[in-house]
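Here are my notes on this structure, point by point. Please keep the model open while you read.

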Amino acid sequence: MDTPQPIILTITHHDPSGSAGIAADTETAVSLGCHAASAVSAISIGNTGELLGVAPMDDSLLVEQTRTVLEDMPVAAIKIGYLGSVENVRALHSVLRDYPDIPVVIDPDATLADKESVLAPPLWSAMASLLLPHATMVCPNRREARAMAVEADVLDAMAQELLEGGCRYLLLTGVPCKQQLQNRLYDVRGLIREFHWERLPPAAYGVCGTLATAIACHIAHGLTIIEAVSRSQQYTWSAIRDSRRLGMGRPIPNRLFWCER
């Protein structure tokens, strides 16, 4: 009998264009040989050119969606993206406490369409205090790390502060390094490895979510953290390189690049 596909549960928003969110996570999971179950945390309004707004899901509905899947299916990894409200963070925290053995990968985002949202500071704080202790891996960019690590002033210190908050590993993404971009992998002992990647033209919103989902998929397949991080970065870089312009805005990463050659 064939070995079943590993199942990941992705908890994030719905993006109508498929650039990001549930649709993008599902496409990534399929590309990497996983089945994607999903719980919608918010509904966004947007296209490939811009995000115009977002409405969080009611926290009770988020809990019901998530628990219904977890009680039915052998979920091998959970990926968490945009949650939309402090209430949703608290609700998800209550769920994760009951499933401590499932690896959790977090792509933190508290702002989505509105980078100056007055709701962002309490949402950053709630994620840092309630979700990081359950995380196997957190994948912030520099802006996100700075928003959650309020006591630190340099990147390495930000990473350390977040790791002290309870997560096991942290992948800090998009650090400028000469003509390249650098991603830094940390654990509680400090910097483990640096990865350098050629800069590519910017793709549509959703690249960081694709990376986090790919890491969750590779963990679900049983890879070590370093193997999962290495392969997921290569996969994401290749998807960006083969981006397609499907609308009038920015191109969308081609998450199925490998099957179109």
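1. Start with R189. This residue is exposed, because its relative accessibility is 73%, and the cut-off for exposed is over 50%. Keep in mind that the model is predicted.

2. What does R189 pair with? R189 forms a salt bridge with D187. The closest N and O atoms are 2.5 Å apart. D187 is buried, with a relative accessible area of 6%. So one partner counts as exposed, whereas the other counts as buried.

3. How many salt bridges are there by the rule used here? The count comes to seven. The pair of R189 and D187 is one of them. Two others follow below.

4. Look next at D156 and R184. They form a salt bridge, and their closest N and O atoms are 3.1 Å apart. D156 lies in helix α6, residues 155-164. R184 lies in strand β8, residues 180-187. The pair therefore ties together parts that are 28 residues apart in sequence.

5. Are these two partners buried or exposed? D156 is partly exposed, at 42% relative accessible area. R184 counts as buried, because its relative accessibility is 16% and buried means under 20%.

6. Now take D242 and R241. Their side chains meet in a salt bridge, at 3.3 Å from N to O. D242 is partly exposed, with a relative accessible area of 22%. R241 is partly exposed too, with 37%.

7. Turn to the cysteines. How many disulfides does the rule give? The count is zero. C217 is in no disulfide. The nearest cysteine sulfur to that of C217 belongs to C34, and it is 3.9 Å away.

8. C259 is partly exposed, with a relative accessible area of 43%.

9. Last, check the surface charge. D58, D59, E64 and E87 form a negative surface patch. Where is D58? It sits in the loop between β3 (51-56) and α2 (59-70). D58 counts as partly exposed, at 40% relative accessibility.

Terms used. Residues are numbered from 1 along each chain as its sequence is written. This is a predicted model: local features need pLDDT of at least 70, side-chain atom pairs count only at pLDDT 80 or more; totals for chains, interfaces and linings use all residues. Side-chain values use heavy atoms; hydrogens and water are left out. Patches are made of residues with over 30% relative accessible area and no salt bridge: like charges are joined within 9 Å, nonpolar side chains (Val, Leu, Ile, Met, Phe, Trp, Tyr) within 5 Å. Accessible areas come from the Shrake-Rupley method with a 1.4 Å probe; for residues, only the protein chains shown count as cover. A salt bridge is a side-chain nitrogen of Lys or Arg within 4 Å of a carboxyl oxygen of Asp or Glu. Lys and Arg count as positive and Asp and Glu as negative; His and the chain ends are not counted. The place of a charge is taken as NZ of Lys, CZ of Arg, CG of Asp or CD of Glu. Helices (H or I, at least four residues) and strands (E, at least two) are DSSP runs, numbered from the N terminus. Buried means under 20% relative accessible area, exposed over 50%, partly exposed in between (1.4 Å probe, protein chains only). A disulfide is a pair of cysteine sulfur atoms within 2.5 Å.
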